[in-house]
Protein chains: 2
Amino acid sequence: MDLLQELKKHNKRAAAKLITMVENRNPGYQEALKDIHKLSGNAYVVGITGPPGAGKSTLTDKLVKELRKKGKQIAIIAVDPTSPFTGGSILGDRIRMNDLSLDAGVFIRSMGTRGHLGGLSESTKAAIKILDVYGAEYIFVETVGVGQSEVEIVKNADTTVMVLVPGLGDDIQAIKAGIMEIGDVFVINKADREGANRTKAEIEMMLDFSNKEKRPSVQMAVAVDNKGIIEIIDEIEKHKEYLIDTNKFHHNRIESTKEEIVEIIKGYILDKIFNNQHINEELNQLTKDVVERNVDPYTAGDLLLKNIKL
Amino acid sequence: MDLLQELKKHNKRAAAKLITMVENRNPGYQEALKDIHKLSGNAYVVGITGPPGAGKSTLTDKLVKELRKKGKQIAIIAVDPTSPFTGGSILGDRIRMNDLSLDAGVFIRSMGTRGHLGGLSESTKAAIKILDVYGAEYIFVETVGVGQSEVEIVKNADTTVMVLVPGLGDDIQAIKAGIMEIGDVFVINKADREGANRTKAEIEMMLDFSNKEKRPSVQMAVAVDNKGIIEIIDEIEKHKEYLIDTNKFHHNRIESTKEEIVEIIKGYILDKIFNNQHINEELNQLTKDVVERNVDPYTAGDLLLKNIKL
């Protein structure tokens with residue numbers, strides 16, 4: 001089948017096949033992405049992040065169901081940078097979404113590290129474009145964990161929802177520092193647990209010291225009981241309006257596109273290095289010299305660079 | 001003072017200054033690292049990783065105290081890829097180590113994302129070399145979290161200790177997949193808690209399916225009560241012997257050195273792009289074209305690459 005034609009016709013299988021093609025860098029994937037890029041840019045991307053155990057999947061599930069009531073077309077990309085599995089992994093999580101996966105208006109995809117030669121962040125970006133052209137109006141990008149690669153992935157989102165839970169204890173100290181910059185909407189999930197108000201107060205205090213132009217709101221929720229869901233959707237919509245009104249929406253897309261081009265150039269250059277037998281042999285010899293302390297790695301890099309022709 | 005001379009004399013302040021110099025890429029940092037590289041390669045590097053709340057800091061603390069009884073010189077690098085703070089952060093954790101920081105035979109350093117222009121993994125690698133030449137016999141690299149960047153950091157270690165706790169619940173599913181490959185020694189900390197045996201059984205079962213040549217051992221510990229510490233040290237030593245006997249120690253250092261050279265080349269190339277006004281202007285123009293869908297990012301990358309001279 002002509003995948004691009006089928007993708008435009010809202011064919012789920014075509015979307016899934018194209019994502020797999022990009023993940024594996026199968027022949028023709030770049031040509032396909034070139035065409036897809038020109039048709040993309042319409043979907044709104046919501047990032048869902050937070051520490052393990054915060055209930056991100058359940059929250060995503062409920063947010064999606066709420067948006068489905070309004071007839072919106074949805075895609076969910078669940079990204080796990082720690083998992084080598086792809087296309088159907090994070091099984092425990094996704095099983096919970098079983099009823100969603102039966103809904104023709106929802107596309108669900110898991111992505112792990114396997115087969116992402118160009119990096120998980122690049123594959124996620126490509127999957128977003130594919131699902132955009134497929135016709136998803138909202139694309140949820142859910143990550144496991146709060147490490148640096150998760151931050152990279154969440155950078156693809158227009159609005160990022162940071163999901164926390166009461167009683168993170170000492171860990172909140174470590175998490176706090178990293179999350180302030182990337183959260184646009186904060187959710188304290190499992191807010192029926194002890195300590196929810198204290199966690200809220202802690203986050204509000206951090207926000208007092210933040211330099212963000214728009215102060216993120218902090219929402220209480222019990223996703224499993226569907227509590228607080230409508231309010232979170234409202235906050236996402238408010239953030240979207242803010243981005244559009246202040247032209248930040250456009251500005252952010254400019255910044256992420258610039259990063260995208262730079263990543264592509266990096267990839268090209270690495271291909272040049274690793275697809276060239278002569279350079280490979282020189283790299284091996286220089287590596288040996290560096291390990292034996294005959295030369296330092298910076299000088300080795302200089303020497304190697306002299307032989308690379310772009 | 002002549003930092004390199006002082007470093008060789010086991011001067012703590014010189015070591016701290018050199019690490020800061022590298023983090024900030026201050027003038028001369030590369031020259032310093034060139035000299036340091038040639039003197040390095042003697043320390044044994046132990047990675048400590050695992051999910052937040054697993055008690056990694058406490059465990060590191062106890063392992064270090066045990067090695068200090070044997071008179072070993074120790075360095076601890078605590079890396080937090082989610083924290084923008086550097087040189088003294090992860091306060092809550094490090095305060096617990098206060099008695100250690102009064103020990104002249106222990107060097108402690110926290111590293112966050114701030115000021116790591118070349119990437120946290122590169123800075124960690126450099127800090128290891130500096131502390132190696134400083135005279136640390138064991139360097140502990142402790143990370144927060146289990147994301148992809150933590151995996152990158154742990155790759156710098158000769159032996160990696162994966163710290164888990166009972167009752168991770170559903171999260172263990174997500175964690176499991178990612179940890180199998182990087183753990184050389186598994187520790188179930190807080191093993192006096194309910195469910196420790198079940199967690200051990202789960203991990204052993206995963207290890208049954210692992211392709212590792214040397215099956216990692218799974219140790220029970222209650223770090224806070226100093227239980228299981230000697231056994232973990234034994235396992236680290238056994239793994240070290242295994243690496244040396246099978247020549248994997250040398251092989252692993254070859255592999256990590258090769259990666260190091262490739263990273264350095266990538267950095268050089270990026271410098272070329274971003275320190276050239278003409279290329280920067282072209283990147284800005286192309287970014288605009290890509291955002292407006294006049295051109296796709298791959299073609300933009302191609303066009304830009306043509307103007308880069310190495």
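In what order do the seven strands of the open sheet in chain B line up, and is the pairing parallel or antiparallel?

A: Keep in mind that this is a predicted model. The open sheet in chain B has seven strands, and reading across gives β3-β2-β4-β1-β5-β6-β7, with parallel pairing. At the edges sit β3 (106–111) and β7 (217–220) of chain B, each of which pairs on one side only. Direction ignored, neighbouring strands in this sheet are turned by 20° against each other on average.

Zoom in on one pairing: β5 (residues 159–164) and β6 (residues 185–188) of chain B run in the parallel sense and share four bridges. Within that pair, B:Val163 stands opposite B:Val187 of β6(B).

Helix α4 of chain B (residues 56–69) lies across β1 (44–49), β2 (74–79), β3, β4 (138–143), β5 and β6 of that chain. Against β4(B), α4(B) runs at about 175°.

Six of its six residues are buried, so β4(A) is largely enclosed by the rest of the structure. In a regular strand, side chains alternate between the two faces of the sheet. Here both faces are covered: A:Tyr138, A:Phe140 and A:Glu142 are buried on one side, and A:Ile139, A:Val141 and A:Thr143 are buried on the other.

The partners of β4(A) include β1 and β2 of chain A. β1(A) (residues 44–49) runs parallel to β4(A) and is joined to it by five bridges, with A:Val46 standing opposite A:Phe140. β2(A) (residues 74–79) is also parallel to β4(A), joined by six bridges, and there A:Ala75 stands opposite A:Ile139.

Chain A also has a helix pair to look at. The axes of α2 (residues 12–23) and α3 (residues 29–39) of chain A come within 9 Å and cross at roughly 125°, so the two helices are oblique to each other. The crossing of α2(A) past α3(A) is left-handed. On the α2(A) side, the contact is made by A:Leu18, A:Met21 and A:Val22, which meet A:Tyr29, A:Ala32 and A:Leu33 of α3(A). By residue type, that contact comes out as six nonpolar, no polar and no charged.

Note on methods
Residues are numbered from 1 along each chain as its sequence is written. Chains are lettered from A and ligands numbered from 1 in the order in which they are written. This is a predicted model: local features need pLDDT of at least 70, side-chain atom pairs count only at pLDDT 80 or more; totals for chains, interfaces and linings use all residues. Two strands pair if DSSP finds at least two bridges between them. Axes are lines fitted to C-alpha atoms, for helices over the stretch in contact, and angles run from 0 to 180 degrees between N-to-C directions. Two residues are in contact if their C-beta atoms, placed from the backbone, lie within 7 Å. Angles under 35 degrees count as roughly parallel, over 145 as roughly antiparallel, 65 to 115 as roughly perpendicular and the rest as oblique. A crossing is left-handed if the near helix is turned anticlockwise from the far one by less than a right angle, and right-handed if clockwise. Ala, Val, Leu, Ile, Met, Phe, Trp, Tyr, Cys and Pro count as nonpolar, Asp, Glu, Lys and Arg as charged, and the others, Gly among them, as polar. A residue is buried if 20 or more other C-beta atoms lie within 10 Å of its own, exposed if 12 or fewer, and partly exposed in between; C-beta atoms are placed from the backbone.
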